[in-house]
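Thanks for sending this one over. My notes follow as numbered points, and I hope they are handy while you look through the structure.

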Amino acid sequence: MTGQRQFAGIAGEGARLPLLAASVVVAFGANAAGLFAGITNVFPHLMYLPIVLAAYWFSRSGSAFSLVLALGYLAMTLPFIRGDAGLIVAALARAMAFVAIGVIISFLSLRLREREQRYRAVFDNSEAGAFIIAPGDTEPRIEETNYVGATLLGSRAGSLIGEPITRFLDDPGVWREFQAKVRRDGAVYGYEVALRRPDGAAVQVLESGGLLPDGRIILTLVDITARTNAEDALRQVNTKLNMMGRLTRNDLMAAVSALLRRIGEGMQQFDEPVVRRYLESLEESARIVQRSAEITRDYQDLGLRPAGWQPLQSVIREVTSCLLLPGISVRAWVERVEIFADPMLDRVFSNLIKSSARHGKTVSQVVITYQITDDGLLIYVEDDGVGIPEAEKEKIFEYGPDAGGGLGLFLVREVLSITNMTIRETGKPGEGARFEIHVSPDGYRIV
């Protein structure tokens, strides 16, 4: 591409026609001199020069030009070789070769220009900043950029040509690492880096690059500064809400503890059945509030940390090691499965296992397996308890006065929904509960 631009610089639009005309004059002049001297098989090769130039520079009319040139060659040559059948056949063959070469080069040049225009349209009109980075003698330099790329770096496209790309990186060492990965793997995608504009403004970008055959790198930058700032702002808001929730919960727990203490004192002082029943109902309500507050404490960090890939078998093994489940065995058959989930995924399986132990009554084992389907992955958490009645299957995930599962299963669904997972109960009443977690195709991997 560099050679083409240099050649285009030498033979610009204004110089093409004079150069083509000069090559035609030289080719015909040399052939005429050769014919007068009796030479018919050397100088005709000079005809290839104007044919190639015309077909390459003017690809749409190159075929017609080569035909006209071939006819001109025949018109000049045939009078000199009249009566010699061999020379006539040779001249006709050359003329046909002139036309064929012109047609082929015109076709190839036209295809080349179409591809170049397609590339140019993609490069110039891309919503991402696009750059061609040349190795350079001492450090990699910008050879070409589009408007978005120049704007991203706070400059104009023309003024960036020849500038070292490391000048705009917050940490120049990042480029060496990125370049090494590109040269090793051929391409790198989604590499998050920080840029620094000449005016000092910081820009956060996703950097991707591919290695070109000549050793240069085509680089694309996508501005994610707004997204990063929004994520930071959201994280700060969540942190503040978390702190407020913790303070509120502490106050609530202190109030509930005081209330339970007063209820206990009241039950010691009053023996009347009506009063005791009233105090017992108050105690039950207070215990519900206390359990809900304890569960919210477990989920106070929900959404504060980014989601990531988690090995399912390890998560479940860690969960079961912390649970006291007398008489209940937990078996997980999910080796090599990783899912993209919130860091609180362990609470999901902890609550599902505890729910089986608490409500299953006759549960002796909990089995966790998986199945790959056409629309993703299904994870099954099954027990051999009494199961869940049909009318309660959806209610157990709700939160409210009439909810069947309390706050725990409600939060299980909320944690899973952060990374677009869903959960439902599909077991048969009397045969055990069966929780079915659906993971989308891009939310799991087998390693």
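1. A polar contact here is a pair of N or O atoms within 3.5 Å; within protein, one must be able to donate a hydrogen and the other to accept it, and residues adjacent in sequence count only if both atoms are side-chain atoms. With that in mind, see Thr 225, whose side chain reaches the backbone nitrogen of Gln 204 at 2.9 Å. Thr 225 belongs to helix 9 (residues 225–269); helices (H or I, at least four residues) and strands (E, at least two) are DSSP runs, numbered from the N terminus. Leaving out residues up to four places away in sequence, Thr 225 touches Ala 202, Val 203 and Gln 204, where contact means heavy atoms within 4.5 Å.

2. A word on the ground rules: this is a predicted model, in which local features need pLDDT of at least 70, side-chain atom pairs count only at pLDDT 80 or more, and totals for chains, interfaces and linings use all residues. Residues are numbered from 1 along each chain as its sequence is written, and side-chain values use heavy atoms, with hydrogens and water left out.

3. Do look at Ser 66 in helix 4 (residues 62–77). Ser 66 has 0% relative accessibility and counts as buried; buried means under 20% relative accessible area, exposed over 50%, partly exposed in between (1.4 Å probe, protein chains only). A polar atom of its side chain lies 2.7 Å from the backbone oxygen of Ser 63. Beyond four places in sequence, Ser 66 touches Ile 51, Phe 98, Val 99, Gly 102 and Val 103.

4. The aromatic pairs come to seven, counting rings of Phe, Tyr and Trp (its six-membered ring) whose centres lie within 6.5 Å; planes under 30 degrees apart count as stacked, over 60 as edge-to-face and the rest as tilted. Tyr 73 and Phe 98 are edge-to-face, at 5.4 Å centre to centre and 75° between the planes. Because Tyr 73 sits in helix 4 and Phe 98 in helix 5 (residues 85–125), this pair ties together parts 25 residues apart in sequence. Tyr 73 is buried at 1%, as is Phe 98 at 0%. Ring pairs also link Tyr 48, Tyr 73 and Phe 98 into a cluster.

5. Which residues touch the most other members of the largest nonpolar core? They are Ile 339, Phe 349, Phe 435 and Ile 437, in a core of 38 residues. Such a core is a set of buried Ala, Val, Leu, Ile, Met, Phe, Trp, Tyr and Cys residues joined through side-chain atoms within 4.5 Å. Among the elements giving two or more residues are helix 11 (312–322), strand 8 (337–341) and helix 12 (345–359). Helix 12 gives the most, with five residues. A second, separate core has 23 residues, including Phe 178 and Leu 221.

6. An open sheet of three strands runs in the order 6-8-13 with antiparallel pairing; two strands pair if DSSP finds at least two bridges between them. Strand 6 (308–311) and strand 13 (444–446) are at the edges with a single partner strand each, so one side of each has no neighbour in the sheet. Strand 6 and strand 8 pair over four bridges, and Gly 308 has Ala 341 of strand 8 as its bridge partner.
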